[in-house]
Amino acid sequence: MAQISDLEFLRLSKAQKTGYKIRRFFTGIPKAIASFFLAVWHAIQKAGKAVGREISEIGTTFKEGDWKTKLSFLVMGFGSLARGQILRGILFLLFEIIFIGYMILSGGYWLSMLPSLGTQGPTKEYNALLDVTVTQYHDNSFQILLYGVLTIFFIVAFIYTWRVNIRQNRMAEKILATGKPLKSGKEDLHSLVDDQFHKTLMALPLTGILIFTVLPIFFMILVAFTNYDGTHNGYTNNLFTWVGLDNFNTLLSWDVTGGAGTQSYAATFGEVLLWTLIWAFFATFTNYFLGMFVAMAINKKGIRFKKGWRTILVLTIAIPQFISLLYVSKMFAKNGIINGFLMDMGWIKTALPFWEKPNWARITVILINIWIGIPYLMLITTGILMNIPADLYESARIDGANAWQQYRKITLPYMLFVTGPYLLTSFTGNMNNFNVIFLLTGGAPTNPAASSAAGAVGYTDLLITWLFKITTGAESQYYLASVIGILVFVVVALISLIVYNVMPSIKNEEDFR
Amino acid sequence: MKKVLALILTLALVVSSCVVASAESLAGTYDITLWVAEKAVDLTKQQIADFNASNELGIVFNATVEPVSEADAATQMITDVEAGGDIFCFAQDQFARLVQAGALAPLGEGAAAFVKENNDAGTVAAAISGDTVYAYPLTADNGYFMYYDKSVIPEEDVDSLEKLIADCEAAQKYFAFEMQSSAWYLASFFFATGCVSEWETDDDGNFISVHDTFNSPEGLIAVKGMEKLVKSDFHLSSSSGSEFSSNAAIVVTGTWDYETVKGILGDNMGVTDLPSFEVDGKEYHLGSFNGCKLLGVKPQVDAYKLAALHQLARYLTGEKCQQERFEALSWGPSNLTVQASDAVQANPGLAALIAQSPYSVPQCQIHGSWWDIAKVIGDDVKNAEDEAGLQQALDNYYDKIASLFTLSDDVKFGWTVIGAVNGTMWDNDFAMTKGDDGVWKSNDAFEMEAGTEFKVRQGLSWDNNFPAENFKVEEAGTYYVLFNEATGEVSLSAE
């Protein structure tokens with residue numbers, strides 16, 4: 001759709017403007033997708049070029065280098081040692097020795113087993129004399145996968161170090177050619193707290209992130225491509241193995257009979273995803289606006305006991321959710337205190353089905369979540385609200401703006417600008433809000449159509465609680481949980497990217513400064 | 001000569017290994033970990049000390065006893081078998097999962113014979129997969145019965161579900177029976193009408209097939225009974241004894257809630273077996289699952305340690321220890337001798353279980369997913385608007401079972417009559433039995449009018465059905481349906 005000029009746009013009526021914007025948004029989608037893939041293609045091309053450059057540089061290094069450099073291709077650090085950079089040389093050499101030693105002693109085994117994830121499961125043997133059955137354990141698929149991945153990481157690290165080693169030789173040759181001396185070991189060490197200080201600082205966090213975040217994520221993603229579950233735990237009963245994209249096919253299949261009974265996995269997944277999005281939307285925005293409203297109400301001139309009101313609200317934060325939510329869940333039960341009170345007062349004849357009917361349960365969790373969320377938002381927004389220049393309001397009042405107009409034109413834009421990133425994180429946080437759902441309903445009421453899907457999903461289950469049910473359920477289908485985990489990531493990433501790019505705080509960074 | 005030498009050598013080896021591995025050689029100190037329920041930790045420590053002092057094999061256990069509830073033990077075990085306790089207690093519904101996970105060491109012949117000889121048949125069945133015994137029965141009290149508030153429920157009403165519901169509604173008090181979130185309780189109604197769900201497992205704990213008759217005319221009677229309860233405004237889907245403190249007059253739960261209920265109701269506590277419900281003028285006494293707790297030994301690499309552990313497991317589930325456990329913790333014994341003792345017979349909670357026991361069904365191996373699939377019947381029944389809706393609940397259940405599991409041969413290959421017979425509209429299968437002459441005959445005679453149509457189908461599906469065109473009754477009368485599998489011929493017979 002063609003873009004119209006600003007003048008034409010301003011001439012449109014309000015409804016037409018909105019319509020135009022919506023049409024622009026949707027007609028823009030194909031272009032956005034195309035540009036996304038184009039960007040990915042460019043990135044791949046760029047990466048390819050970079051690799052090509054590296055290889056050609058390695059080639060020239062070898063061709064133009066002296067014998068010391070050439071030997072360094074095989075014996076890492078030789079060049080440095082031969083040129084007197086003992087510390088660097090020893091470190092390179094040590095790394096190579098450790099790497100080769102590791103590969104021979106265990107890395108080679110892990111790597112060779114990685115394609116099969118093990119060949120021999122445990123064996124049982126009856127010992128007639130003692131009248132017992134002894135079990136002998138053999139391959140361990142879980143360890144093979146874990147250490148296999150670790151070995152690949154190690155190999156990548158080795159290739160990188162080898163490349164650094166080559167580059168060092170080239171640089172050393174160039175420096176020597178200019179007649180300058182090379183850095184000594186002492187100078188190297190000194191530089192670590194001086195011009196190379198960033199490397200010293202980053203070494204520990206980087207290693208930590210690699211081992212405790214990247215490696216587990218990589219491992220968990222790989223699990224999605226195996227049949228790792230309760231009956232294939234990889235060591236004490238059956239080994240597990242690679243199954244390709246089978247698990248994705250299972251979860252995204254519309255086939256009703258394929259193991260899901262009366263409803264296909266894809267339909268179940270779609271339902272849960274839809275509810276997850278609805279929940280995240282309401283949980284985020286009800287809290288946001290109501291929290292802001294409460295903060296504004298308390299901030300209002302003439303309201304007394306401001307601190308008292310805030311303390312009362314903050315009390316809900318002080319009590320651990322684990323306790324308060326379980327208690328609230330009981331309060332809303334069929335024979336809970338709320339129904340009991342309403343019946344005693346004679347307002348209702350029979351108990352209200354807070355947790356029994358799907359929509360009742362969904363609305364109830366959203367309402368209870370408001371009760372939990374408002375205090376947080378109140379605290380956050382109180383500070384920001386006080387920060388809005390009072391003269392803005394004053395001039396607005398002089399111009400005759402009413403309270404609603406002031407809110408629409410001053411408060412809200414300011415708030416959205418400052419709390420935009422917070423809104424995004426809270427939206428994604430709510431998509432994975434395990435606590436509230438699990439403690440309040442545990443996913444109930446159960447969805448009869450989906451009861452035979454792994455983990456018996458219920459009407460208030462989010463993807464994250466469903467995932468929990470799958471792993472701890474009857475069959476411990478870790479692989480399916482992993483697939484859901486990946487899909488949750490994709491959904492969250494997509495939403496975050498889109499929202500992030502239209503946020504005022506990102507688009508107009510210069511405003512409100 | 002070489003052969004002779006080899007023979008001698010082999011013999012020498014066998015003899016020497018016999019000497020090494022004789023029972024005495026079990027003597028030694030073993031470091032072990034035990035997982036038992038928190039309540040039983042102190043008692044178990046005492047019992048191990050007794051074992052160390054009294055056993056004649058010279059076995060000494062240096063045991064660490066950790067509190068892990070029977071409900072969590074299986075999940076923790078399966079998550080990491082290597083880190084699990086060497087001996088652990090668990091609820092029987094986790095048995096198949098544990099066998100599948102390779103977390104249970106099979107019992108030797110001696111131990112298996114000991115288990116079979118000394119324990120309640122139902123609990124023995126719970127410890128067997130295929131033909132292999134994998135665990136030691138520990139208790140036999142995992143069943144449910146009815147607690148009620150005597151100040152609300154008159155004593156003479158406790159045998160009738162309808163009267164109990166009416167009493168609760170009149171008093172505005174709740175009838176707690178976990179119908180909407182637990183298949184364990186919900187199955188009660190099906191057992192009342194004689195439905196079964198029996199599973200066959202192999203030696204490795206894998207499920208081979210299921211024989212399930214919940215979707216049957218009897219099943220329909222069961223859900224009609226269930227409908228009365230779940231559609232009552234004062235039905236509460238819960239099985240917690242503490243509901244008595246929040247407006248419940250009846251709670252269906254087990255012996256574990258005895259102290260809780262006693263604490264709340266005091267002298268007003270009534271304990272009895274489950275009531276009966278009435279459908280079409282016939283009474284059906286509610287059934288129940290009759291379950292147990294088991295004690296398992298984790299597989300070991302060291303044969304001697306494993307043998308010693310089995311000795312301890314045998315001791316801990318033997319008569320003496322079960323007696324002690326009953327006295328200290330009121331755990332219902334699975335040991336036949338202890339079961340027969342007067343003290344056990346007189347315990348009110350266990351007495352109610354015993355009163356319920358003629359109607360209870362031993363809970364053998366049941367697939368983990370069955371609990372999830374069956375539990376929604378309660379919700380489906382509650383939402384059903386008419387009889388077709390009730391039948392739909394059963395059909396849904398059946399579809400899921402049939403798509404996930406292999407049906408047993410008699411369901412898969414059995415023939416049934418379906419059609420406009422006995423007031424049904426092609427929505428109900430009537431069972432047939434194969435006679436000695438190879439001809440299938442319906443179990444019941446049907447009153448049929450002229451023009452009534454029906455078919456005979458196999459495995460409750462339409463893949464195989466006869467005759468090709470609907471069978472039409474020519475003359476009104478009461479007939480049995482006959483079906484000759486060899487010729488595919490359907491006929492009617494007056495007798």
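Me: In which helix is I338(A) found?

Reply: I338(A) belongs to helix α13 of chain A, which covers residues 337-344. Helices are DSSP runs of H or I with at least four residues, strands are E runs of at least two, and both are numbered from the N terminus. This is a predicted model: local features need pLDDT of at least 70, side-chain atom pairs count only at pLDDT 80 or more, and totals for chains, interfaces and linings use all residues. Residues are numbered from 1 along each chain as its sequence is written, with chains lettered from A and ligands numbered from 1 in the order in which they are written.

Me: Why does I338(A) count as partly exposed?

Reply: I338(A) has 15 C-beta neighbours inside 10 Å. A residue is buried with 20 or more other C-beta atoms within 10 Å of its own, exposed with 12 or fewer, and partly exposed in between; C-beta atoms are placed from the backbone. The value of 15 therefore makes I338(A) partly exposed.

Me: Which residues does I338(A) touch, not counting residues up to four places away in sequence?

Reply: M331(A) and F332(A). Contact means that the C-beta atoms, placed from the backbone, lie within 7 Å. V328(A) is ten residues from I338(A) along the chain, and their C-alpha atoms are separated by 9.7 Å.

Me: Why does N237(A) count as buried?

Reply: N237(A) has 21 C-beta neighbours inside 10 Å, so it passes the buried cut-off. Its place is in a loop of chain A, between α8 (197-223) and α9 (246-251).

Me: What does N237(A) touch, not counting residues up to four places away in sequence?

Reply: N237(A) touches T231(A) and, in chain B, Q100(B), A101(B) and G102(B).

Me: How many residues of chain A are in contact with chain B?

Reply: 36 residues of chain A meet 44 residues of chain B. Strand β2 (residues 132-136) gives the most to the chain A side, with five residues. That side has eleven nonpolar, 22 polar and three charged residues. Ala, Val, Leu, Ile, Met, Phe, Trp, Tyr, Cys and Pro count as nonpolar, Asp, Glu, Lys and Arg as charged, and the others, Gly among them, as polar.

Me: What makes α2(A) oblique to α6(A)?

Reply: The axes of α2 (residues 14-64) and α6 (residues 141-177) of chain A come within 10 Å and cross at roughly 50°. Angles under 35 degrees are roughly parallel, over 145 roughly antiparallel, 65 to 115 roughly perpendicular, and the rest oblique. The crossing angle of roughly 50° therefore makes α2(A) oblique to α6(A).

Me: Which residues meet where α2(A) contacts α6(A)?

Reply: α2(A) brings E54(A), I58(A) and T61(A); α6(A) brings R163(A), I166(A), N169(A) and R170(A). By class, the contact has two nonpolar, two polar and three charged residues.

Me: Why is helix α8 of chain B called largely enclosed by the rest of the structure?

Reply: Ten of the ten residues of α8(B), residues 183-192, are buried, so the helix is largely enclosed. Among them are W184(B), Y185(B), F189(B), F190(B) and F191(B). α8(B) is followed by G194(B), whose phi is positive, near 90°.

Me: What percentage of the 495 residues of chain B count as buried?

Reply: 51%. The secondary structure of chain B comes to 19 helices and 25 strands. Its C-alpha trace spans about 85 × 75 × 40 Å along the principal axes.

Technical notes
Axes are lines fitted to C-alpha atoms, for helices over the stretch in contact, and angles run from 0 to 180 degrees between N-to-C directions. Two residues are in contact if their C-beta atoms, placed from the backbone, lie within 7 Å.
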